[in-house]
Amino acid sequence: MGFEKFGKHGYVSHAKVAPIVDYLKKGELAGTKCLECDSLYFPPKADCPKCRSTKFDWVPLNENCKLITFTEVFFAPPEFQKETPYLLGLAELEEGPRVFAPIDSRITRDYLKPGALLALHPSTNENGAFYQLEKREQNYLRKR
Amino acid sequence: MGRVGIIGVGHSRFGKRSDASLRELAFEAYREALDDAEIDTSDIDASLVCSATHYDKQRSPAGVVAEYLGLNPAPTFNVEAACASSAVGLRTAWALVNSRLHDIVAIVGVQKMTELSSDEIQELMGRAGDVMWESPFGTTMPAYYAMYANAHMARYGTTQEQMALVPVKNRKYGTKNPKAMFQKPVEIEEVLKSRMVSYPLKLYDCCANADGAACILVASRNKVQKLSDRPVWIAGLGLASSPMSLAGRTGPMTSFQVTKNAAKEAYKMARVLPRDVDIAEVHDSFSITEILNYEDLGFARPGTGAKLLEREETDLGGRIPVNIDGGLIAKGHPVGATGAGQITALVKQLRGEAGDLQVDNAKVGLAQNIGGIGMYAAVTILRG
């Protein structure tokens, strides 16, 4: 239980990796690391398809990433219609894994070129917790 | 001569078929295929009912479809691979016949989509992607393909005007296909001015949900030689998978690796090269998809797919006519029927029965069918 609190509108309740919601609520970005072969997973995985180990630890992640591609959604599923239009992006974290995430609504489309420097930042809403892609400067200011 | 051939094809009218149920649509295509092959239901050893079953009101539709077509007690089962269901059905049937388990197998691709309320359809649409890590952010089918479009535009300079050439071409041919959902052509300006769905894809860049059915009858070499005076052989089959999550995929997102892998397998099995293909049916779920498909199938170099449209090389009379039955964009996309519909169009071409749309001397036909958001792709090569 608990995974339905992940994202802006969750569809799945049960998952071994549900603790990601707690990390995000604390403002922390966490992935999983396989204790057998050290493979890093983000989004997290409870199981390692490379060595078949089921032993893992939660590890903090560097939030810096760069954009691969994006879109702006105008025609949305029912739960998201009140937010249209909204931006979705695919980015690559400095540590390697790729992430699919919403893009901060303060960012405009002209900024979103492949390679644009972004940061993946934890956030919360009435559903629970999620992460989103933000400009690095905004993130920097928030931390100060 | 191949080991497994196609002895009959049938195709219902695609579109908003408020006049017909799922099983009745299946019957339209099945009846036409049996008439085409000049065989009876008693000749069929097994049936594969191909649909993305979450769209159907009927659960496990093979049950009612086989009953309605009179196919009991022969084996029947569902084949599901989202939009590629009936291409995967054809591959499955090939294996069943090539293994000599069965001699004649019916592949019935069928889908009834327009009966769902728009809330139901939109709720399903929201779960098209990885339901744990991507759907919770408001994904849609067009959104995923739009992300490929933006990557292609940024890397190669592909424009929305170039993408608009896909619906302009395919809708033009739809006007000549009485079974297509859309019978009117569109102009570039109309495409560009149509409502934005997911940037940069607009309404006319997208195929439409539809109802419809298509049926393929395949048979062993012996049966084909006995029954058919103009056989079409299954020369090459390719099927591959990609991670369903977008984040699980690698590369700059300007091509579908899944299509490249399926194409490689199919070309190798058929012993042909992309330049040998006389006519193709590719999965134009969206305008950008057709452009990527040209590149991924080897019809154009990476980044140059749109040039084929500008030079009319994929029009009738061009170097390699593509989707000249209207494609998904003009015919509509009754998910489970789409792959079998592509094969039906190719079989007519390879037999020289395509009328005004006939490609001169067509010998090698290729169909490419993508499943869902690109987690499956099938490439099928036929020889006349």
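1. B:K179 is partly exposed, at 25% relative accessibility, where buried stands for under 20% relative accessible area, exposed for over 50%, and partly exposed for what lies in between, computed with a 1.4 Å probe on protein chains only. This is a predicted model, in which local features need pLDDT of at least 70 and side-chain atom pairs count only at pLDDT 80 or more, while totals for chains, interfaces and linings use all residues. Side-chain values use heavy atoms, with hydrogens and water left out, residues are numbered from 1 along each chain as its sequence is written, and chains are lettered from A and ligands numbered from 1 in the order in which they are written.

2. The partner of B:K179 is B:E32, with the closest N and O atoms of this salt bridge 2.9 Å apart; the term denotes a side-chain nitrogen of Lys or Arg within 4 Å of a carboxyl oxygen of Asp or Glu. Because B:E32 lies in helix 1 (residues 22-37) of chain B and B:K179 in the loop between helix 6 (160-174) and helix 7 (188-193) of chain B, the pair ties together parts that are 147 residues apart in sequence. Helices (H or I, at least four residues) and strands (E, at least two) are DSSP runs numbered from the N terminus. B:E32 also counts as partly exposed, at 26% relative accessibility.

3. B:D36 is buried at 17% relative accessibility, whereas B:R230 is partly exposed at 36%.

4. Another salt bridge in chain B pairs B:E313 with B:R311, the closest N and O atoms being 2.9 Å apart. Here B:E313 is buried, with a relative accessible area of 14%, while B:R311 is exposed, with 52%. Salt bridges with shared partners also join B:D36, B:D229, B:R230, B:R351 and B:E353 into one network. Over all chains, the salt-bridge count comes to 24.

5. Chain A is divided into domain 1 (3-60) and domain 2 (64-143), with bounds that come from an automatic or database domain assignment. Taken over C-alpha atoms, the centres of the two domains are 19 Å apart. Between them, 19 residues of domain 1 are in contact with 18 residues of domain 2, contact meaning heavy atoms within 4.5 Å.

6. The two domains of chain A bury about 1,600 Å² between them, with carbon and sulfur atoms giving 65% of that area; buried area is the accessible area (1.4 Å probe) that two parts lose on being put together, summed over both. Of the area that domain 1 buries against domain 2, A:K8, A:L24 and A:F42 supply 41%, more than any other three residues. One salt bridge is found across this interface, and the side chains of A:K8 and A:E83 meet in a salt bridge at 3.4 Å, N to O.

7. Helix 1 (residues 20-25) of chain A gives the largest share, four residues, of the side of domain 1 that touches domain 2. A:A18 lies in the segment before helix 1 of chain A and is buried at 12% relative accessibility. The C-alpha atoms of A:A18 and A:F6, twelve residues apart along the chain, are separated by 8.0 Å. Leaving aside residues up to four places away in sequence, A:A18 touches A:M1, A:G2 and A:F3.

8. Between the chains, 40 residues of chain A are in contact with 35 residues of chain B, and the two chains bury about 3,000 Å², 72% of it on carbon and sulfur atoms. On the chain A side, A:Y11, A:F75 and A:F100 lose the most area to chain B, together 24% of what that side buries. Strand 4 (64-73), strand 5 (86-93), strand 6 (98-103) and strand 8 (129-135) of chain A are the elements that give two or more residues to the side touching chain B, and strand 4 gives the most, with six residues.
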